[in-house]
Amino acid sequence: MKIMSVVGARPQFVKLAPIAHAITAAGHEHVIVHTGQHYDPMLSDVFFRDLKIPTPDAHLGVGSGSHGVQTGAILAQMDEVLERFQPDCVLVYGDTNSTLAAAVSAVKLHFPVAHLEAGLRSFNRSMPEEHNRVLTDHAADLCLAPTAVAMKHLATEGLTDTAVLVGDVMTDVLYQVRDGLLANGTQNPLADIDAPNGYYVATIHRAENTNDPERLREVVAALGAADKPVVLLAHPRVRAKAEEHSISLNSGALIARDPLSYPELIASVLSSSGVVTDSGGLQKEAFLLRVPCTTVRHETEWVETIELGWNVLANSTDEITAALTRPAPEATEATPYGDGDAATRAVQAIVDGIKPRA
Ligand code: UD1
């Protein structure tokens with residue numbers, strides 16, 4: 001069977017790694033298409049290198065742009081790529097503009113589509129990701145769900161027939177990287193930070209926290225008021241917005257650094273007192289590493305992290321301060337994101353659920 005993965009943004013490269021290994025291990029052919037949505041080396045190349053992902057077979061080089069321009073640039077190039085490679089299944093990941101564009105291109109040309117990380121919902125219709133994931137789930141022939149909650153959302157939308165629970169592939173890759181780090185002695189890239197009482201790892205990049213300068217100012221002030229150093233691993237979007245509006249990312253407790261590679265990020269979180277983020281993936285990574293997380297959003301798709309007490313939603317300065325200094329969460333053995341074998345199960349679900357083209 002020939003499976004084509006289409007990826008473009010940082011979290012998709014992380015999810016691609018275990019899938020690429022599982023496809024090859026099962027003896028199937030894998031074609032990788034990189035849309036070029038993320039092009040900075042620290043957002044793209046280092047993930048292919050560190051996670052041993054094969055070089056993409058096609059690179060669309062679309063770069064940045066408004067939603068329509070970016071999505072349209074991918075659509076405009078995908079027809080030729082699909083015709084050239086003739087995949088049996090097009091696998092799309094998560095909820096970015098690359099996900100939606102690849103799914104739409106494939107269904108229009110009658111290539112079967114599987115959606116990895118299907119069924120997640122924030123129910124916040126102002127997030128671009130919410131539209132991307134809802135539209136992709138409804139276009140897909142196969143919805144590969146990471147959690148029981150995601151399965152429930154798919155059922156509510158009438159998608160039970162196409163839904164399969166496979167677990168979360170981010171668990172697979174996280175456990176492998178964590179075990180490698182622990183076996184080889186963790187090299188914490190933030191060891192030089194002067195933090196005798198610990199530090200927090202922060203990432204902020206969502207449109208709802210960065211596009212409005214007043215909102216960005218508020219978030220930056222709240223992080224600056226923390227009781228320990230807050231190391232902001234600054235995505236290019238937050239750097240660009242801060243510069244545009246003369247907002248300093250180095251004030252009070254806040255220290256801005258460049259983004260880290262995946263193993264470096266995991267090492268820095270393992271040694272931290274907590275995580276502050278608006279990323280989806282990092283909330284889960286913190287939980288899987290059993291590090292308390294504070295999420296700067298009004299809702300989350302990863303409700304299990306909240307229910308189990310390891311994640312708290314906080315938006316105002318007071319809420320963020322209270323969340324950072326809250327008592328340690330209660331220990332748990334719960335595994336809502338699977339046991340680390342989701343990629344193998346996802347590939348099997350594709351083989352079982354999608355008929356190879358004649
Ligand atoms: C995208 C995803 C988001 C995901 C995030 C992970 C969408 C709608 N959003 O957001 O769901 O959580 O990736 O990081 O697809 N930029 C660079 N270099 C790059 C990439 C981006 O400088 O390599 C800057 C550009 O100014 C660009 C901005 O970041 O305009 C936003 O990039 P974009 O890819 O549109 O969205 P992300 O914020 O990265």
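**Gln-70**

I started with Gln-70 in this predicted model, and found it in helix 3 (residues 67-85). I take helices (H or I, at least four residues) and strands (E, at least two) as DSSP runs, numbered from the N terminus. Gln-70 is buried, with a relative accessible area of 7%; buried means under 20% relative accessible area, exposed over 50%, and partly exposed in between (1.4 Å probe, protein chains only).

What does the side chain of Gln-70 reach? I found the backbone oxygen of Gly-63 at 3.1 Å. I counted a polar contact as a pair of N or O atoms within 3.5 Å; within protein, one must be able to donate a hydrogen and the other to accept it, and residues adjacent in sequence count only if both atoms are side-chain atoms. Setting aside residues up to four places away in sequence, I listed Gln-37, Val-62, Gly-63, Ser-64, Gly-65 and Asn-97 as touching Gln-70, where contact means heavy atoms within 4.5 Å.

A note on bookkeeping: residues are numbered from 1 along each chain as its sequence is written, and side-chain values use heavy atoms, with hydrogens and water left out. Since this is a predicted model, local features need pLDDT of at least 70 and side-chain atom pairs count only at pLDDT 80 or more, while totals for chains, interfaces and linings use all residues.

Next I traced an open sheet of seven strands, in the order 3-2-1-4-5-6-7, with parallel pairing. Two strands pair if DSSP finds at least two bridges between them. Strand 3 (58-59) and strand 7 stand at the edges with a single partner strand each, so one side of each has no neighbour in the sheet.

I then followed some of the pairs. Strand 1 (residues 2-7) runs parallel to strand 2 (residues 29-34), joined by six bridges, and Ile-3 has His-30 as its bridge partner in strand 2. Helix 15 (residues 342-353) packs on this sheet, touching strand 1, strand 4 (89-93), strand 5, strand 6 and strand 7. Its direction makes about 165° with that of strand 6; axes are lines fitted to C-alpha atoms, for helices over the stretch in contact, and angles run from 0 to 180 degrees between N-to-C directions.

Are the faces of strand 6 (residues 142-145) covered or uncovered? Both are covered: Leu-142 and Leu-144 on one side, and Cys-143 and Ala-145 on the other, are all buried.

Strand 6 pairs in the parallel sense with strand 5 (residues 113-116) over three bridges, and with strand 7 (residues 163-165) over three bridges. Leu-144 is the bridge partner of Leu-116, and Val-164 in strand 7 is the bridge partner of Leu-144. The chain crosses from strand 6 through helix 6 (residues 148-156) to strand 7 in a right-handed β-α-β crossover. Right-handed means that, with the strands pointing away from the viewer, the path from the first strand over the helix to the second runs clockwise. Strand 5, helix 5 (residues 128-139) and strand 6 also make a right-handed β-α-β unit. I saw helix 6 lying across strand 6 and strand 7, at about 170° to strand 7.

I moved on to an open sheet of six strands, in the order 10-9-8-11-12-13, with parallel pairing. Its edge strands are strand 10 (254-257) and strand 13 (311-313), each pairing on one side only. On average, neighbouring strands here are turned by 25° against each other, direction ignored.

Strand 9 (residues 230-233) runs parallel to strand 10, with four bridges between them, and Leu-233 stands opposite Arg-257. Strand 10 has Leu-254 and Ala-256 on a covered face and Ile-255 and Arg-257 on an uncovered one.

**Arg-206**

Where is Arg-206? I located Arg-206 in the loop between strand 8 and helix 8 (207-210). Arg-206 is buried, with a relative accessible area of 7%. A polar atom of its side chain lies 2.8 Å from the backbone oxygen of Asp-278. Leaving out neighbours within four places in sequence, Arg-206 is in contact with Met-127, Glu-129, Asp-278, Ser-279, Gly-280 and Arg-297. Arg-206 and Met-127 are 79 residues apart along the chain, and their C-alpha atoms are separated by 8.8 Å.
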